[in-house]
Amino acid sequence: MNDQYILAIETSCDETAAAIILNGREIISNVVASQIESQKRFGGVVPEVASRHHVEQITMIIEETLEKANMQPSELTAVAVTEGPGLVGALLIGINAAKAFAFAHSLPLIPVHHIAGHIYANELVEPMQFPLLALVVSGGHTELVFMKEHGSFEVIGETRDDAAGEAYDKVARVLNMPYPGGPHIDRLAHEAEEGVEFPRAWLEENSYDFSFSGLKSAVINYKHNMDQRGEEIDPQKVAKGFQDSVVEVLTTKTLRAARQYQVKQVIAAGGVSANKGLRTSLEQAFEEAKISFVVPPLKLCTDNAAMIGAAAAHMYNAGVRGNLAMNGLPGKELKSWI
Ligand code: KG4
Ligand code: ZN
């Protein structure tokens, strides 16, 4: 079989990214232009600002990706792009760039689900082993996904309100930390010996769903109460209390699901899987349970296009193709492609 080079494009949120992936496993080039500096001013992602940045960046990012790989468009096999979920205006910039590129160079298009991308980031580390359980924790998602083979997804649990990353970002605002808050809370949490006691949302006994809005409100209430009493909060203790609650719930539910579904491997994916507290807790839990656990390196946890290329490689081989009528799908569901 000929080598397969996929140019992948990702613009679903606030990173403008492109990558070239060889045979679904090897990163040839991977370029990410972050908008964090400009979004920081607003304390979160403003969709219009995100779209404007993508428009300014996308052509240069694609060119840079090809240059770094030292490749010509004629050497590519296909163009992959995130079709959703995400911000519709942001998605459209990547999709239109991908369509134009594919049309100009007569290449097939592959529409990729952003979460499938996060999961497939792990293929860039080591081959996935099935049956597999993925914990997807990002700014927009908190899901437990069971995969019996490549391209097969069953969402067995998801958040009923805020995503884990969203809760991190909101709590960081309460603590006057800049956007994105996750890494700051993570750092502060490690500086405290003891945390403030916050609730854990276990939900019904057998549920694999999550809920983080109660925890977020508990942190906000704690801050208000302290303010009213004229007392200062200790940000490290608040961060640790919050993080301990999130990490314990995520670890416990993931472990229970891994046992029930008798998986061979557990993987963590998405921006929050960059969290040191979470990584350590999951590593320990699965070492004890003797189940293989993989988490991608930090820069493949947060949004990037390499992961989109890794997922697209399997989709390409399974015959999945997009077309020039493709649209941004902000609420796209994670569906199996086999
Ligand atoms: O996957 P991602 O880059 O974008 C989405 O698809 O949402 O995830 C971004 C989220 C943000 O909420 C950010 O605060 C969080 O990931 N994050 C972290 C850490 N690094 C990034 N959360 C907790 N701890 C971290 N170290
Ligand atoms: Zn993401």
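Colleague: Are His118 and Asp303 buried or exposed?
Modeller: Both His118 and Asp303 are buried. Buried stands for under 20% relative accessible area, exposed for over 50%, and partly exposed for what lies in between, with a 1.4 Å probe and protein chains only. Please note that this is a predicted model, in which local features need pLDDT of at least 70 and side-chain atom pairs count only at pLDDT 80 or more, while totals for chains, interfaces and linings use all residues. Residues are numbered from 1 along each chain as its sequence is written, chains are lettered from A and ligands numbered from 1 in the order in which they are written, and side-chain values use heavy atoms, without hydrogens or water.

Colleague: Why does the pair His118 and Asp303 tie together parts that are apart in sequence?
Modeller: His118 belongs to helix α4 (residues 114–120) and Asp303 to the loop between α10 (298–301) and α11 (306–317), so the pair links parts 185 residues apart in sequence. Helices (H or I, at least four residues) and strands (E, at least two) are DSSP runs, numbered from the N terminus.

Colleague: Changing topic, what domains does the assignment give?
Modeller: Domain 1 covers 5–119 + 301–317, and domain 2 covers 130–295. These bounds come from an automatic or database domain assignment. The C-alpha centres of the two domains are 27 Å apart.

Colleague: How many residues of domain 1 are in contact with domain 2?
Modeller: 15 residues of domain 1 are in contact with 20 residues of domain 2; contact means heavy atoms within 4.5 Å. The two domains bury about 1,300 Å² between them, and 76% of that is on carbon and sulfur atoms. Buried area is the accessible area (1.4 Å probe) that two parts lose on being put together, summed over both. In domain 1, Ile115, Ile119 and Cys301 lose the most area to domain 2, together 42% of what that side buries.

Colleague: Where is Thr65, and what does it touch?
Modeller: Thr65 is in helix α2 (residues 47–69) and is buried, at a relative accessible area of 0%. Beyond its neighbours within four places in sequence, its contacts are Leu7, Ala18, Ala19, Ile20, Ser29 and Val31. Setting aside residues up to four places away in sequence, Ile62 touches Leu7, Ile9, Ala18, Ala97 and Phe101.

Colleague: Which residues does a cis peptide bond join?
Modeller: One such bond joins Gly84 and Pro85, with omega about -10°; Pro85 is in the loop between β4 (78–84) and α3 (88–104). Another runs from Phe130 to Pro131, with omega near -5°, and Pro131 is in the loop between α4 and β6 (132–137).

Colleague: What phi does Ser106 have, and is Ser106 buried or exposed?
Modeller: Ser106 has a positive phi of about 50°, although it is not a glycine. Ser106 is exposed, with a relative accessible area of 66%, and is found in the loop between α3 and β5 (109–113).
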